[in-house]
Amino acid sequence: MLAVVGTIPDPDFPLATGEVTLKGGHIYVEGRPAPVNRGTPALMAAAIKCLDVLGLPMPYGYLAGDIGLGDGSRRLYEHLVEHLPQSDFQVITFHYLQPDVDWHNKVLFAIGKIRKRPKLIADAGFMYAAKMSGLAEEYDLFTPDAGELAFLADEEAPHPFYTRGFILHEDQNIPELIRRAYAHRNAARRLLVKGRIDYVAGPQGMIATIDTPSEEALEPIGGTGDTLTGILSALIYGGFEVERAALLAARANRIAGWLASPTPMTQVAEIIARIPQAVTQVLEKS
Amino acid sequence: MLKFLKRKAADSPPASLGVETGILVFENTSEVIRAENTLKAGGWNIRVKGPPPEIRTGCDLVIEFPLIEELAVLRALEKVGLRPLQTVPVTSPLLQPVDLFHVKDFGRFLMVRAANMKLTIDKQTSFLVNVSGGGCPDIPYLAQEMVGRKLEDAPQPREIGHTLCGYALQLAYEEIKRRCLPS
């Protein structure tokens with residue numbers, strides 16, 4: 001099964017775990033709804049759309065309400081440390097969580113107790129914590145954008161907010177940032193760098209680039225990175241190798257965006273609706 | 001006595017220019033933002049920085065201040081109900097927050113990126129149309145509260161955000177305000 005861990009921007013949303021379903025514009029866990037406008041619900045909705053195409057079971061969600069105070073994230077971390085060792089997930093995707101290195105390390109230690117090691121994907125706040133912990137290489141995939149890649153490439157920055165200027169200035173030079181991130185061992189085994197051009201990379205450097213279809217208006221739209229990570233997680237759970245899944249997910253996410261005829265004010269829910277068509281198209285051609 | 005200290009604070013040189021400085025460590029970033037507002041309004045010459053490695057947890061800011069003014073600073077904070085977790089002398093260089101902006105003009109829309117955060121406005125209507133990027137849990141919350149509102153009516157990230165990503169979004173918000181609202 002695919003597990004997704006993240007937060008809901010609602011302080012009253014309790015810790016909820018279980019199968020995630022999608023109905024209308026909401027995901028549901030333990031019968032509790034959350035709109036799929038952005039963040040972890042957008043990732044989950046995208047994963048569900050892709051899993052539907054693949055004919056696979058729905059993901060398992062670990063969710064808690066958190067608006068940035070870290071309380072919901074801490075409840076989640078605590079729950080994961082207790083319950084993950086008994087789990088049998090094939091893929092675990094970590095998403096919007098308050099970056100906290102101590103808790104990150106405890107969660108990773110708990111994962112180490114799982115009988116068969118799952119594939120590990122980190123995005124958003126948990127990726128920040130994974131980098132800062134010095135244990136980035138334990139992960140199969142990170143999905144940074146250019147700004148976050150600059151943060152991975154800066155061996156001294158504990159958060160993208162502190163990325164040094166001379167490295168940020170390089171954010172158009174993605175291959176150099178990738179090289180630097182691996183040189184300082186601050187990257188996962190594979191990177192999918194999302195942007196105007198998507199890059200799939202590993203310690204040896206660039207593996208592939210994806211640049212079509214190209215829609216400039218996708219950059220400002222919140223949640224397009226979340227949908228990419230959702231599709232990717234589903235494809236890896238579906239048995240695709242990480243590199244191959246990254247390539248296909250990047251293509252599918254671009255096509256879904258293109259099908260939505262986006263402008264900078266398009267909301268990500270409009271793109272999620274196009275994912276089944278996009279994934280089908282990409283899989284037929286692969 | 002307080003008046004004297006305040007006047008002295010306002011006249012003092014910037015915290016990182018050779019004066020012995022300390023840092024105030026708080027429970028979370030929203031407390032740092034409140035403390036920053038309080039101390040700046042009081043005329044203190046303080047700066048928001050990254051914490052030294054030994055006290056980093058992953059998503060933190062600290063306030064650097066002239067150490068000699070510790071008592072007055074703490075008193076001012078206590079008046080607004082803020083109590084730092086620690087006050088630590090600075091012994092090594094502190095991290096500087098990002099101060100670079102990337103601006104992209106889409107014609108009708110303008111996008112500003114600060115660090116890992118992007119904010120986009122419809123220039124014709126002044127509605128905020130999208131928030132993108134970031135990884136801390138207040139970002140989906142900030143997007144929910146800001147998107148679909150006019151720039152002048154939307155809550156500021158510094159008012160309802162709590163993390164470094166929220167702080168970066170505040171910088172993008174201020175840059176958009178500077179470019180789109182008449183001063």
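## Backbone exceptions

In this predicted model, Glu30(A) counts as partly exposed because it has 13 C-beta neighbours inside 10 Å, where 20 or more other C-beta atoms within 10 Å make a residue buried, 12 or fewer make it exposed, and partly exposed falls in between, with C-beta atoms placed from the backbone. Glu30(A) sits in the loop between strand E3 (26–29) and strand E4 (32–35) of chain A, and its phi is near 50°, a positive value in a residue other than glycine. Helices (H or I, at least four residues) and strands (E, at least two) are DSSP runs, numbered from the N terminus. Residues are numbered from 1 along each chain as its sequence is written, and chains are lettered from A in the order in which they are written. As the model is predicted, local features need pLDDT of at least 70 and side-chain atom pairs count only at pLDDT 80 or more, whereas totals for chains, interfaces and linings use all residues.

Ser261(A), in the loop between helix H9 (242–259) and helix H10 (268–272) of chain A, likewise has a positive phi, of about 45°, although it is not a glycine; Ser261(A) is exposed, with 11 other C-beta atoms within 10 Å. Most residues other than glycine have a negative phi, and most peptide bonds are trans. The peptide bond from Thr212(A) to Pro213(A) is cis, with omega near -15°, and Pro213(A) belongs to the loop between strand E11 (205–210) and helix H8 (224–237) of chain A.

## Contact between the chains

The contact takes 43 residues from chain A and 39 residues from chain B, two residues being in contact if their C-beta atoms, placed from the backbone, lie within 7 Å. On the side of chain B that touches chain A, the elements giving two or more residues are strands E6 (109–114), E7 (117–122) and E8 (128–133), together with helices H4 (138–146) and H6 (164–180).

## Helix packing in chain B

H4(B) and H6(B) pack at an angle of about 40°, with their axes 8 Å apart, the axes being lines fitted to C-alpha atoms over the stretch in contact and angles running from 0 to 180 degrees between N-to-C directions. The two helices H4(B) and H6(B) are therefore oblique to each other, the class left after roughly parallel (under 35 degrees), roughly antiparallel (over 145) and roughly perpendicular (65 to 115). Asp138(B), Ile139(B) and Leu142(B) in H4(B) meet Cys165(B), Gly166(B) and Leu169(B) in H6(B).
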